Amino acid sequence: MADLASPAATTPARATSPMSRHLVRSGLWLWIAIVVIGLFVPKLLTSSFYLGLLINGMVLGVAAVGIGFLMQQCGLVMFGVAAFIGLPAYLLGIGSMHLSLGPHAAVLFALLGSTAFAALVGALVVRARPLPFAMLTLALAQMLKSVSTLQAMRPVTGGDDGLTMTFAGGFLGLSQAQLAKASTFWPLAWLALCAAMTLVWVATHSRFGQILRATQANEERMRFSGFDTYLPRLAAFTLAAFIISVSGVLTGLNSAFASPELLDFATGGHALVAMLVGGASTVFGPVLGSLLYTWGQDAFGATGHLELLTGIAVVAVIAAFPKGASGFVIQMARKVAGTSRKDRDAAR
Amino acid sequence: MLRVEDLSVSYGSVQALEGVSFEVAKAGVLHGIIGPNGAGKSTLMDAITGRRKPTRGRVLVDGDDITNRTVAWRRRQGMSRSFQRTSIFPGLTVREQLELVASELGEPNLDQIIDAFELRVVLDEPADSIAYGDQRRVDIALAMIGQPKLMLLDEPAAGLSTAETIALFEHLTVLVRQRGVTALVVEHDVDAVFRFCDDITALDLGKLLVTGKPAAVRSDPRVICAYLGTAA
């Protein structure tokens, strides 16, 4: 082995290469272009039914992006996703209807309240191993659902009937009627989804993401390398819950209604299955999964065999594409890229 | 430097370590821990590094009682370790994991560590895809980061050839002499331990047999008995 004892300082092992900087810059411009072009989807898709379906997929996608982040970075699957969809929707309603907050303040109240609740709960549950963690979060969601239907809470939550909201004014220039209309609600849903994807991409590619992955790979070695492994995991859980809460707020804004069904396991189950269908290895996987899932729900629902066909389709997709539909897309893209590179080499 | 006082560890009804006391008085020495299988060597390492809480006794570093400190705290204070079973970060490249730990611990000479452990050729490989010998070196390199004062190496030569073992110990010797690092080494290869270590502590069945210079330990009848089953 070479001598380690000589004290000379050295330069860092590697700086970011110009090529990778170029790729990041190109990717950034491409992403900005996609975000801008996406805003014009209602011009192309004039059917309000299909646009509404797409919006449902987008809103589900926001939650799936949050779940996928936590699963991919920490190896934690949250069964109680519904807690962070339903709670912010209720908080939006409570802020609007009982605290007389304007829509902006009510949205802020809902997001901050739900995220603070996540941090509080996360402080207790992120120490748990994956399966107990999953069950604890499920218990949390079921507990919130029970609270929402308590007779004593009826004046606040509306009990089993749910909470209908009337917003005092517009949100980001959109009136309540416009928030309910697919073509005018679209930019909000689209930008929220893009923001969630960007946030997750940045977190994943940051030092924070690297710490999370290393902790997932070998937590003991992380502690023996001087790292606190608890706080990063708590931060990841809180971030995931925040992103899922955005989905809950969007649901509340769009429907102006919060009901106990939003806190039910089935609500979170849709997002979980969508994430699995799309795959969590990339940030667009959960979004692709959500779009496929939403389309599938509509198509299968029309046959009258929704559950049966959904079950068959989910099993088939997961069995055929272990890395999800996005994994298949990436595999195909690589194959095509490899073929065209070979063709270019042969042409030379 | 390091003082272990009356250290005991039990796993349920099994007493893995019982009343072990010894001292590494000087910095910059290579201190070997030997003993047959089940002697309590790895348990001793675990108790010193905080991986396992002792049922009795204390661990002191530079006079400070660190028995109840966390693993991460000990690491930041300069106590590092490698593991009997290689402990790296699968999924991360060698470079990613070395840089991650180096940035956390403020290591200014990462390139030197990379070169010292001959890891440059595997830097951009996923750590779980490289050869076992290379993984061992990554494990020890991770322990080297952050200019530790005290390194605890649990069977660092496991899986290495005789030549590689000698090279590793030669390197450790240079390291402790020139950098003032104290290394506590658990090793099954007793020939290497007797050849390279300044002091040796011998354990058997969780108890301290003897601690002292290699020649004294080698000729101690209790050590001979523990290894050969009978006193010479």
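What radius of gyration would a compact globule of 232 residues have, and what does chain B have? Here are some notes on this predicted model, starting with that point.

1. **Size of chain B.** For 232 residues, a compact globule would have a radius of gyration near 17 Å, and chain B agrees, with 17 Å. The C-alpha trace of chain B spans about 50 × 40 × 35 Å along its principal axes.

2. **Make-up of chain B.** You will find nine helices and 10 strands here. Of the 232 residues of chain B, 47% count as buried. If you take the contacts in chain B with a separation of 6 or more, 67% of them are between residues 24 or more positions apart.

3. **Chain A, fold and size.** Chain A has 16 helices and two strands. Its radius of gyration is 22 Å, close to the 20 Å from the globule rule for 348 residues, so chain A is as compact as a globular protein of that length. Along the principal axes, the C-alpha trace of chain A spans about 75 × 50 × 40 Å.

4. **Burial and contacts in chain A.** Of the 348 residues in chain A, 42% count as buried. Among contacts in this chain between residues at least 6 apart in sequence, 76% link residues at least 24 apart.

5. **The interface.** Where the chains meet, 38 residues of chain B are in contact with 23 residues of chain A. On the chain B side, at least two residues each come from helix H2 (71–76), helix H3 (94–105), helix H4 (110–116) and helix H6 (162–179). H3(B) gives the largest share of that side, eight residues. By type, the chain B residues that touch chain A divide into 19 nonpolar, eight polar and 11 charged.

6. **The largest nonpolar core.** This core has 158 residues, and the members that touch the most others are Val62(A), Ile67(A) and Ala240(A). Helix H3 of chain A (residues 48–74) supplies the largest share of the core, 14 residues. Do look at chain B here too: domain 1 (2–78 + 152–228) and domain 2 (91–147) of chain B each give the core at least three residues.

7. **A close look at Ala240(A).** Which residues does Ala240(A) touch, not counting those up to four places away in sequence? They are Gly66(A), Ile67(A), Phe69(A), Leu70(A) and Met78(A). One of these, Ile67(A), is itself among the core members that touch the most others.

Definitions and conventions. Residues are numbered from 1 along each chain as its sequence is written. Chains are lettered from A and ligands numbered from 1 in the order in which they are written. This is a predicted model: local features need pLDDT of at least 70, side-chain atom pairs count only at pLDDT 80 or more; totals for chains, interfaces and linings use all residues. Two residues are in contact if their C-beta atoms, placed from the backbone, lie within 7 Å. Helices (H or I, at least four residues) and strands (E, at least two) are DSSP runs, numbered from the N terminus. Ala, Val, Leu, Ile, Met, Phe, Trp, Tyr, Cys and Pro count as nonpolar, Asp, Glu, Lys and Arg as charged, and the others, Gly among them, as polar. The radius of gyration is taken over C-alpha atoms; the globule rule is 2.2 Å times the number of residues to the power 0.38. A residue is buried if 20 or more other C-beta atoms lie within 10 Å of its own, exposed if 12 or fewer, and partly exposed in between; C-beta atoms are placed from the backbone. A nonpolar core is a set of buried Ala, Val, Leu, Ile, Met, Phe, Trp, Tyr and Cys residues joined through C-beta atoms within 7 Å. Domain bounds come from an automatic or database domain assignment.
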